[in-house]
Amino acid sequence: MRWIPIMNCRPGMRLAKKIYNEEGMVLLQEQVEMTDTFIRRLIERDVSYIYVEDERTEGIVAPDLLSDETRIMANKTIRQQFMRHMSDGRSRKRKHDHDFDATVSGMLDNLVHDISKHNKAMVMLNDIQTTDHYVFRHSLNVCVYTTLFGVYHGYARDDLKLLSMGALLHDVGKMHLDPLILNKTSPLTKLEFDMIKMHAEYGYRILREDPNIPRVVAHCAYQHHERLNGSGYPRGLTSDNIHEFSKWIAIADSYDAMTTNRVYRPAMLPHEALEILYTGSGTLYEQWMLSLFRDRIAVYPLGMSVKLSTGEIGIVAEINANYPQRPIIRVLYDAEGASVPQGTELDLSQLLHIMIVEMVDVE
C-alpha cells in the first residue's frame, strides 16, 4: 500500500485500507476504485491522507491500532458522552449512572487491550478518520495517541484507563462554544480567542459535577492547555502544578491538531509537527515526554513517497522500531529518474549519510 495526500488521489486508484464514517462504520472498503465523486466527498469530509494499492509496494502494510469493533464502540461512546454533557450537569449531581460505568469502562478496556498489542512505532491515525465533526475525531485520535504512550511509559492498568478517559473527554467543553467561532476560517479576534479558551474551564465544570467522572479526568480537561513555563491557560499553571496526565494530553492534542486538516489551514506532515513540538521542549512540554513521543511515532508513515539526499526516490517500506526517524526505504527511481529493480531497499538506520529531504508525489 502507498500513503498519499488526498489531493494527489486520482480516479482509477484503488483503496488499500478502509475508510470509516463518523460512526466508526466502514464507508469505503479495500479494493474500491476511486472516482471523482469519492475523492470530492472525502475532501469535503476533511480526510487528509489515504492508502492506495501499488504493485511496487507489495508487502508494505500499515497495521490498524484498533479493531473495527473497538473503533465503532469508541466513536459511539464519544458521541454519546459529548452529547450527554451538553446540559450543565446539575440533573446528574446526585445520581450515579451504572450504564455509564459499563459502557465507558468496557470501551476503554477494549481500547487499552488493542493498543497494548502494538509494540512498534505508531502510524498516523487521521489517515482513516472521516468524521465530519472535528471535535469527535480529534478526541478519539488524542485518546489513542495518549493511551499508546501511557502503555509505553508503563502505567498500571487502572491509571491507564484514567488517562484514556481524560484524553477522551479533554475537549468536552467545546460543546458549549459557539460553532460559528469554533469553525471560523478567518483570524479570531482577541474576544473570540478568549471565548475559545473558555472550553477548558467549561469542560472542568461539566465533568467535576458528574458523579460518574473521576476528579482527575475533570482536571485533564482543565489543564490540557497549561504549559510548563506558565504561558498556558486558563490558570497559567507552571510545571509542578500540572498533572502528569494533562502533560501527556497536551502533547497529543497539539500533535493531532497540527497533523489534521483544519478549516483555516491544511494538515502538516508528521515530521513537521514534531519539529514544532520540539521548539517547546522544556518550556512548553516535558523534554522526557517528547523524547518518548519522538522515539515511538512514525514521522515518516509506511507507504509515504520520499526523496533522499542521494537524489533517489522511494517509499517507506518499514519502520525501524528503535530508530523511527530512520526507516527502511524501498527505492523506485535512481538519481537520474530511471526505474530501479524491485527489491532494492536502503536501511537508513545503517546508512547515516543518507537523509530524507522531502515528501514527493510518485506516479
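**Cavity lining, sheet and loop**

A: By class, six nonpolar and four charged residues, with no polar ones, make up the lining of the largest cavity. The model is predicted, and the volume of this cavity is about 50 Å³. The charged part of the lining comprises Glu 226, Arg 227, Lys 247 and Glu 286. In the whole structure, the search finds three cavities of 30 Å³ or more.

The account now turns to the sheet. Five strands form an open sheet with antiparallel pairing, in the order S8-S7-S6-S5-S9. Its edges are strand S8 (345-347) and strand S9 (356-359), each of which pairs on one side only. From one strand to the next, the twist averages 40°. Within this sheet, strand S5 (residues 305-308) and strand S6 (residues 313-318) run antiparallel and are joined by three bridges. Lys 307 stands opposite Ile 313 in S6.

The loop between strand S7 (328-333) and S8 holds Asp 334. With a relative accessible area of 24%, Asp 334 is partly exposed, because that value lies between the 20% limit for buried and the 50% limit for exposed. Beyond its neighbours within four places in sequence, Asp 334 is in contact with Gly 311, Glu 312 and Val 340. Leu 180 lies 154 residues from Asp 334 along the chain, and 50 Å separates their C-alpha atoms.

Key: Residues are numbered from 1 along each chain as its sequence is written. This is a predicted model: local features need pLDDT of at least 70, side-chain atom pairs count only at pLDDT 80 or more; totals for chains, interfaces and linings use all residues. Side-chain values use heavy atoms; hydrogens and water are left out. On a 1 Å grid over the protein atoms alone, a cavity is a set of points where a 1.4 Å probe fits but cannot get out, and a pocket is an open set with protein on both sides within 12 Å along at least five of seven lines; lining residues have an atom within 4 Å of a point. Grid points are joined across faces, edges and corners, and a volume is the space filled by probe spheres set on the points. Two strands pair if DSSP finds at least two bridges between them. Helices (H or I, at least four residues) and strands (E, at least two) are DSSP runs, numbered from the N terminus. Axes are lines fitted to C-alpha atoms, for helices over the stretch in contact, and angles run from 0 to 180 degrees between N-to-C directions. Buried means under 20% relative accessible area, exposed over 50%, partly exposed in between (1.4 Å probe, protein chains only). Contact means heavy atoms within 4.5 Å.
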